Amino acid sequence: FVERYAFDLVKFAVEVCGMTPTRQQIELLQSVQPSGSRTTVRSGHGTGKSRSIAVIVLWHLLCYPDSNTLITAPKIEQVRNVAWKEIVDVINLMKIRGNHAWIAEYVEAEAERIFIKNSKQTWFVIAKTAPRGSPENLAGMHRDWYLIIADEASGIPDQNYSVLTGALTDKRNRMCMFSQPTRSAGFFYDSHNKLSTRNGGVWNAIQMD
């Protein structure tokens, strides 16, 4: 399973999750796929962003042993009401996908943690945020296979990004940001401008219409 899917996120989306990705979703998945990737996405409504996040999260969880994923947003309710629901929906879809239903049986979903059974403290996905002025709430996460997803990223305080990016200590760590472009300043804005790959930075900037 790992040999087939760990470095083919599009194939995982199609064959394991039953997804028929759009051209823009394929661009997103291929951007996230390489080890050490940095992906930033401007997205409107109805683009399939939330389903894409769910697929990325489950791909990372199931293909990378003892991996950790952190999902953050300005408010924790944003994660639990949207991303968490989508992840659970995709797990349930996987269970009826025939040849790959067995892999979903390894996943346990709780209100605050999604994890591999019998590895709750070491192999998991968590949702976490930090109030303005307390970025240290996001500190303490380090892993060989570590993924950070920032949803509604434009609204996350810039101080938080210093802590988040500082945790990406291994060359295999990945980070993705998603947001509507709600302001013309800040870290998310910069990731599409002076920090983007087209300007010599590390962030692959994508727009989903």
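## Basis of the model

The structure is predicted: local features require pLDDT of at least 70, side-chain atom pairs count only at pLDDT 80 or more, and totals for chains, interfaces and linings use all residues. Residues are numbered from 1 along each chain as its sequence is written, and side-chain values use heavy atoms, with hydrogens and water left out.

## Nonpolar cores

A nonpolar core is a set of buried Ala, Val, Leu, Ile, Met, Phe, Trp, Tyr and Cys residues joined through side-chain atoms within 4.5 Å; buried means under 20% relative accessible area, exposed over 50%, and partly exposed in between (1.4 Å probe, protein chains only). The largest such core has 49 residues, and Phe-12, Ile-56, Ile-87, Met-94 and Ile-149 have the most contacts inside it. Helix H4 (residues 49–63) supplies the largest share of this core, ten residues. Helices (H or I, at least four residues) and strands (E, at least two) are DSSP runs, numbered from the N terminus. A second, separate core has 21 residues, including Phe-124, Tyr-146, Ile-148 and Met-175.

Contact means heavy atoms within 4.5 Å. Not counting residues up to four places away in sequence, Ile-149 touches Ile-53, Ile-56, Val-57, Leu-70, Ile-71, Thr-72, Cys-176 and Phe-178.

## Gln-33

Gln-33 is placed in the loop between helix H3 (23–32) and strand E1 (38–43). Gln-33 counts as buried because its relative accessible area is 18%.

A polar contact is a pair of N or O atoms within 3.5 Å; within protein, one must be able to donate a hydrogen and the other to accept it, and residues adjacent in sequence count only if both atoms are side-chain atoms. Polar atoms of the Gln-33 side chain lie 3.1 Å from the backbone oxygen of Phe-7 and 2.9 Å from the backbone nitrogen of Leu-9. Leaving aside neighbours within four places in sequence, Gln-33 is in contact with Phe-7, Asp-8, Leu-9, Val-10, Trp-59 and Arg-174.

## Asp-170

The loop between helix H7 (158–166) and strand E7 (174–179) holds Asp-170. With a relative accessible area of 17%, Asp-170 is buried. Its side chain is joined to that of Arg-172 by a polar contact of 2.8 Å. Beyond residues up to four places away in sequence, Asp-170 touches Arg-143 and Asp-144.

## Ala-139

Ala-139 lies in the loop between strand E5 (124–127) and strand E6 (146–150). Its relative accessibility is 41%, so Ala-139 counts as partly exposed. Leaving aside neighbours within four places in sequence, Ala-139 is in contact with Lys-128 and Val-163. From C-alpha to C-alpha, Ala-139 and Asp-89 are 29 Å apart in space, and they are 50 residues apart in sequence.
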